Each structure stands twice: as structure tokens, then as C-alpha cells.
Amino acid sequence: GGGDFHSIGKQIASNPLLCPQALDAIQNASETEILETRLGEYNDDIMKLSETLMTMEMQLVDQLEEVIKDFERNISDLVSIFIENEQGLMAQCRDLENHHHEKLLEIAINTLEKIMKSEFDEEMPDDVRMLFVDKDTIVNAVNASHDIHLLKIDNREDEIITKANSWASTLIEKVHKNEITRNRDRVKEINQFIDHLHNELEAMDILEA
């Protein structure tokens, strides 16, 4: 029996695969394989993280698109109500101007009649008195004044409407630009983060090697 053990011992000693250096090599090969497997897994994890972050950003873009559409509708409704109210006020201004015109015309004709009859004894500037030469002259002057007042009301109404619409357009445009910038920055940030993780992984691979 002792001879058998001696024979086996010789075989083990003479087997190149079982010498200490060979065992170290096997262990090292095994560790390298495990390391490569883990690095591969980490790489897969990084890719999955990248996909997850990009998917979440795309979902956020879709959600914000809906929010911005709602915001646009609300702003549009707000401007419409404002313009409607403003047009109502301007209509009241025109009514007041028409009423003022009728009263002024009535007073002017009465004043002309008094001047014609020499019954008007109040002080009057020369440029105003020049208008009271006949009925056509005074009526034309009052009508011209009325037209200028109505034109000023029209112009003011147009200016307010234009400014309101311009304010809404500028605001909506700014919201869209901000969202485009936000999205671009976020995608850039995700890409930089993923690149950083890949670089860290490569550095680990080099160190282990």
C-alpha cells in the first residue's frame, strides 16, 4: 500500500498542471474571468441606466408638452377675456364721445344764433370766434373734433389689443424656448454622467489588469 502512495505522490509532483505556479495561474485566470464578467455586468447596468434616464426625460418632455398646451390655452383665454372687456370699455368711450359731440354741437349752434342776434356777451378767444361765422363752419369744426376723438379711441383700442396679443406670443415663445433649453441641458447632463461612469469603469479595468 505504501508503494501506491509513493507512486501517486510522484505522479502529482511530476504533473505540471498541479505545481504551485500552475495553481496560481489557474486562480489568476479564474479571477480574470470573474472580473471580466463583472465588468460586463457593470457595463450592462450603465447602458440600462442610460436608457432609463433617457426614457424618463422623454416622458417628462411629453408631460411638459401637455402642461404647456394647457398653459397656452389658459393664456389665450385670459387675453380673449381682457380684449373683450377692453372693447366693451372702448364702446362706452365712443358712447360718451357721441353724447359729448351732440351736446357740443347743440351748444355751438345755440351760441352761433346768439352771436347772430348780438345776444352773446361772454368773452371768447379770437381763434374760437372765427369759427362762429356761419352754421356750416361751426358744424364742420365740431364734426372734425368729433372725428379726431373717435380716431384716438380707435387707435388706443388697436394699440391695447396689439400689446396684449404681443405679450401672450412673447410669453408662450419664451416658455417653449426654456423647455427646449431645459431638455437639451438634461440630455447633455445624462450623456456626460454616462460617459463619466464608462470612464470610471475603464479606469477600473486598467487598474485590475
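Trainee: Which residues does Met 124 touch, once residues up to four places away in sequence are not counted?

Mentor: With those residues set aside, Met 124 touches Thr 111, Ile 115, Arg 129 and Phe 132, where contact means heavy atoms within 4.5 Å. Please keep in mind that this is a predicted model, in which local features need pLDDT of at least 70 and side-chain atom pairs count only at pLDDT 80 or more, while totals for chains, interfaces and linings use all residues. Residues are numbered from 1 along each chain as its sequence is written, and side-chain values use heavy atoms, with hydrogens and water left out.

Trainee: Which residues make up the largest nonpolar core?

Mentor: The largest nonpolar core has eight residues, namely Ala 108, Leu 112, Ile 115, Met 124, Phe 132, Ile 138, Val 139 and Val 142. Helices H2 and H4 are the elements that give two or more residues to this core. A second, separate core has seven residues, among them Ile 75, Val 79, Ile 83 and Ile 161. The term stands for a set of buried Ala, Val, Leu, Ile, Met, Phe, Trp, Tyr and Cys residues joined through side-chain atoms within 4.5 Å. In soluble globular proteins, nonpolar side chains tend to be buried together.

Trainee: Why is Leu 112 called buried?

Mentor: Leu 112 has a relative accessible area of 6%, and buried means under 20%, exposed over 50% and partly exposed in between, with a 1.4 Å probe and protein chains only, so Leu 112 is buried. Leu 112 has its place in helix H2, and, leaving aside neighbours within four places in sequence, it is in contact with Phe 132, Val 133, Asp 134, Lys 135 and Ile 138. The C-alpha atoms of Leu 112 and Asp 134 are separated by 7.4 Å, although the two are 22 residues apart along the chain.

Trainee: Is Asp 195 buried, partly exposed or exposed, and what makes it so?

Mentor: The relative accessible area of Asp 195 is 46%, and a value between the cut-offs for buried and exposed is called partly exposed, so Asp 195 is partly exposed. Asp 195 is found in helix H4, residues 135-208, and its C-alpha atom is 9.4 Å from that of Ile 46, 149 residues apart along the chain.

Trainee: How do you know that the side chains of Arg 182 and Glu 57 meet in a salt bridge?

Mentor: A salt bridge is a side-chain nitrogen of Lys or Arg within 4 Å of a carboxyl oxygen of Asp or Glu, and the N to O distance for Arg 182 and Glu 57 is 2.8 Å, so the pair qualifies. Arg 182 lies in helix H4 and Glu 57 in helix H2, so the pair ties together parts that are 125 residues apart in sequence. Glu 57 counts as buried at 3% relative accessibility, whereas Arg 182, at 24%, is partly exposed.

Trainee: What is the N to O distance in the salt bridge of Glu 157 and Arg 94?

Mentor: That distance is 2.4 Å. The pair links distant parts of the chain, with Glu 157 in helix H4 and Arg 94 in helix H2, 63 residues apart. Glu 157 is buried, with a relative accessible area of 11%, and Arg 94, at 22%, counts as partly exposed. The structure holds 11 salt bridges.

Trainee: How many helices and strands does the secondary structure of the protein come to?

Mentor: There are four helices and zero strands, where helices (H or I, at least four residues) and strands (E, at least two) are DSSP runs, numbered from the N terminus. Buried residues make up 16% of the 209 residues.
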